[in-house]
Amino acid sequence: MTRNESWTPTAFHANVVAMERGELEVADIAADYVNCTQCGACELRCPNTLFTGDFYRFRARTVDVVKAVRALAVEKGIHQPRWQTWNERTNDRTHEPVLGEVDVNQDHVRDWAADLGLPIGGESILFVDCEAAFYRTSVPRAVAQILQAAGYEFGLMAEQWCCGGPAVEMGYVEQARRFAEHNLADWR
Ligand code: SF4
């Protein structure tokens, strides 16, 4: 227990006010934003949801503030080393650097479904996230088999990349958008 209030929603918002007044730079505060999981619980329970003024209204949007500050930091070239490594590896492999037995690359993204006889494409597509596709493969297998047993027709993507969700949560907005656009093009 550090009781370090730099990692609280109050500090997240106070930092933004201080930056606006020129008292802090994003480089001074970027590391304070790494511990937020963006769960949104502070937005639900904060008494400042009474919306008594702009500062308080925006205090009730902590997740947006955390996302924006992380994106600003990356835009300014300020990186958290492990997040940067994670995103570089994801960029190289087009999938999250998931640990496990299977090589993480495009050649293996459908290995989990090898014996299920699923087509590529179709009116409905089952998107399987990186961790499920490469590591927790029993989950997508169970989902696919339930859908097959129900007689529901669906296919897999021709070239599925990471959804980009973790990248955008860490502030790597350009990478997240590029991945999402690739997947959208593949769906279409
Ligand atoms: S979004 Fe969740 S983790 Fe982030 S500051 Fe609020 S309560 Fe904490």
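## Helix H10

In H10, five residues are buried (under 20% relative accessible area, with a 1.4 Å probe and protein chains only): Gln175, Ala176, Phe179, His182 and Asn183. They share one side of H10, because they cover an arc of only 130° around the axis, taken from the directions from the helix axis to the C-beta atoms. On the other side, Glu174, Arg177 and Ala185 are exposed, meaning over 50%.

The buried residues pack against helix H6 (81-93) and helix H9 (165-169). Contact means heavy atoms within 4.5 Å. Helices are DSSP runs (H or I) of at least four residues, numbered from the N terminus.

## About the model

This is a predicted model: local features need pLDDT of at least 70, side-chain atom pairs count only at pLDDT 80 or more, and totals for chains, interfaces and linings use all residues. Residues are numbered from 1 along each chain as its sequence is written, and side-chain values use heavy atoms, without hydrogens and water.

## Aromatic pairs

The whole structure holds 3 aromatic pairs, with ring centres within 6.5 Å. One of them joins Phe12 and Tyr33: the centres lie 4.7 Å apart and the planes meet at 25°, so the pair is stacked (under 30 degrees; over 60 is edge-to-face and the rest tilted). Phe12 and Tyr33 are both buried.

Phe127 and Trp187 have centres 6.0 Å apart and planes at 75°, so this pair is edge-to-face. Trp187 lies in helix H10 and Phe127 in the loop between H6 and helix H7 (130-134), so the pair ties together parts 60 residues apart in sequence.

Notes
Helices (H or I, at least four residues) and strands (E, at least two) are DSSP runs, numbered from the N terminus.
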